[in-house]
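Q: Could you take me through the reading of a fold, one feature at a time, with the general idea before the particular case?

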Amino acid sequence: MRQSPIPGTHGRVRPLTLHGDTVLHSPCAEVTDFGPELAELVEDLFATMYAAQGVGLAANQIGVPLRVFVYDCPDDEDVRHVGHVINPRPAETDGVVIRGPEGCLSLPGLEAGTERYDHAVVEGFTMTGDPVTVHGTGFFARCLQHECDHLEGRIYADHLTGRRHRKLMRQVARASWSR
């Protein structure tokens, strides 16, 4: 029997911020108030992530420039990882660099081969202010790095160069959601 509530069941689905919005390209502010508004934001992030069928979502992706992200992501062994991190700091990224397909809810329908480490450790806090350390391998490590990038004002396209970057930017320009 499940002892904790299912993330997102009390949240509301918010509109996603799309590529080109300045909030996606600016570093987010530290969370200083661990009150009920933060708990509501985390619930809304889960609800929005699930509605968009994503595996991770940062607060600036719904227009809130705070250092918060949620995830419900498998690793390469299909172990499911569910949680959230407030004021995350990448503590470690190492292992093998792997180029794999990466997408983003703020660039819907697009993806590109992006290089990421296959191991990542993120330290931060829970919404109640308790310290938390999250270890990820494989696809989950990619997710953790992707969400931390969002909070620094970076998107996966910023990791691309040359032909891959030009191709993705042409796809963005042609996308129906593009400004």
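Q: How many bridges join β4 to β5, and do the two strands run parallel or antiparallel?

A: Strands of a sheet pair through backbone hydrogen bonds, either parallel or antiparallel. Here 7 bridges join β4 to β5, and the two run antiparallel; strands are DSSP runs of E with at least two residues, helices are runs of H or I with at least four, both numbered from the N terminus, and two strands count as paired if DSSP finds at least two bridges between them. Val122 stands opposite Val134 in β5, and the hairpin that β4 and β5 form has 5 residues between the strands, with Gly129 in the turn at a positive phi of about 90°. The model is predicted, with local features needing pLDDT of at least 70 and side-chain atom pairs counting only at pLDDT 80 or more, while totals for chains, interfaces and linings use all residues. Residues are numbered from 1 along each chain as its sequence is written, and side-chain values use heavy atoms, leaving out hydrogens and water.

Q: What is the strand order of the open sheet, and which strands stand at its edges?

A: The 5 strands follow the order β1-β2-β3-β4-β5 with antiparallel pairing. β1 (56-58) and β5 (131-137) each have a single partner strand, so one side of each is left without a neighbour in the sheet. From one strand to the next the twist averages 30°. Helix α2 (residues 138-151) packs on this sheet and touches β1, β2, β3, β4 (111-125) and β5, its direction making about 80° with that of β4; contact means heavy atoms within 4.5 Å, and the axes are lines fitted to C-alpha atoms, for helices over the stretch in contact, with angles from 0 to 180 degrees between N-to-C directions.

Q: Which residues other than glycine have a positive phi, and is Asn87 buried or exposed?

A: Asp78, in the loop between β2 and β3, has a positive phi of about 65° and is exposed, with a relative accessible area of 66%. Asn87, found in strand β3, has a phi near 50°, and at 7% relative accessibility Asn87 counts as buried. Buried means under 20% relative accessible area, exposed over 50%, and partly exposed in between, with a 1.4 Å probe and protein chains only.

Q: Where do β2 and β3 pair, and over how many bridges?

A: Strand β2 (residues 68-74) and strand β3 (residues 80-103) pair in the antiparallel sense over 7 bridges, and Pro74 stands opposite Arg80 in β3.
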